[in-house]
Amino acid sequence: MQDMNAMQATHFLRLLSRLKPLMAPTLPISTSQQTKFILKSAYASMAYAAGPRRVWSRALVRRIRRNRRRPTMRIINKRRHVVRPRRRPAEGGSEELRKVIPGGDTILNGARLVEETSDYVQFLRTQVIIMKALVSSFSKGQHG
Amino acid sequence: MTSVTIPCSFPTRPSTLFTCLLGKRRRSSGSRITEDEVNELISKLQSLLPEARRHNLCRASTSKLLKETCKYIKSLHREVDDLSDRLSDLMSTMDTNSEQAQIIKSLLS
């Protein structure tokens with residue numbers, strides 16, 4: 001488990017370091033673009049650390065790739081449209097949970113959903129810890 | 001029962017919520033979802049929540065537990081959002097030779 005955390009941190013730092021190339025002068029990007037990049041990097045490092053074995057990590061990677069591609073006019077071929085399986089609207093909160101977990105709407109089995117949720121939460125928690133640690137060490141550097 | 005039990009009472013049959021949650025049982029397999037499996041899923045969900053959020057969930061229904069889990073995940077998303085903002089602020093005042101850049105560099109090597 002320790003290795004997983006270290007891997008996640010490494011992914012995140014690698015992505016962050018793209019913002020500040022240490023050799024070349026930095027290209028000016030707006031703060032909002034920078035924030036978006038950091039946010040994407042956070043979820044990306046979670047997904048990369050988890051690997052392709054999880055529904056949520058695959059969904060996250062797909063989401064990132066989709067956003068990166070330039071929005072073009074696409075002619076939607078109806079034949080290739082993925083048919084979502086129809087199911088009775090579930091009682092209780094499982095519908096909402098499926099919306100919150102990336103790729104959750106494709107998980108039909110409730111036991112699987114709980115597994116994915118548990119995994120996702122662990123990686124999310126780790127990501128928060130990593131980012132808090134970075135924020136505190138950067139803050140110290142500035143005021144130190 | 002040797003499995004970990006949550007100290008609250010469960011209906012003897014899995015509730016309809018859980019039947020929905022567990023999905024359609026495959027007709028071909030003869031196995032029913034056991035009460036143990038239901039308990040296990042519930043305890044797993046409960047263990048995800050940090051202490052502060054567990055409060056009265058012992059007595060609450062499964063749907064309450066699911067709602068709490070959703071709330072928790074959403075709050076984690078907000079935290080990541082907020083931390084991204086702060087990191088972005090800190091990094092924009094960071095120049096390439098500063099201490100912060102060195103931190104990143106050293107952590108990566």
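## Confidence in chain A

Chain A of this predicted model has a mean pLDDT of 80, and 72% of its residues reach 70 or more; pLDDT is the predictor's confidence in each residue, from 0 to 100. Helices here are DSSP runs of H or I with at least four residues, strands are runs of E with at least two, and numbering starts from the N terminus.

## An aromatic pair in chain A

Over all chains, the count is two aromatic pairs. Rings of Phe, Tyr and Trp (its six-membered ring) pair if their centres lie within 6.5 Å; planes under 30 degrees apart are stacked, over 60 edge-to-face, and the rest tilted. A:W56 and A:F123 make a tilted pair, with 5.4 Å centre to centre and 55° between the planes. The pair ties together distant parts of the chain: A:W56 sits in helix α3 (residues 55-68) of chain A and A:F123 in helix α5 (residues 110-143) of chain A, 67 residues apart.

Both A:W56 and A:F123 are buried (under 20% relative accessible area, with exposed over 50% and partly exposed in between; 1.4 Å probe, protein chains only).

## Chain B at a glance

Chain B has five helices and zero strands, so to speak an α-α-α-α-α pattern along the sequence. Of its 109 residues, 37% are buried.

## Ground rules

Residues are numbered from 1 along each chain as its sequence is written, and chains are lettered from A and ligands numbered from 1 in the order written. Local features need pLDDT of at least 70, side-chain atom pairs count only at pLDDT 80 or more, totals for chains, interfaces and linings use all residues, and side-chain values use heavy atoms, leaving out hydrogens and water.
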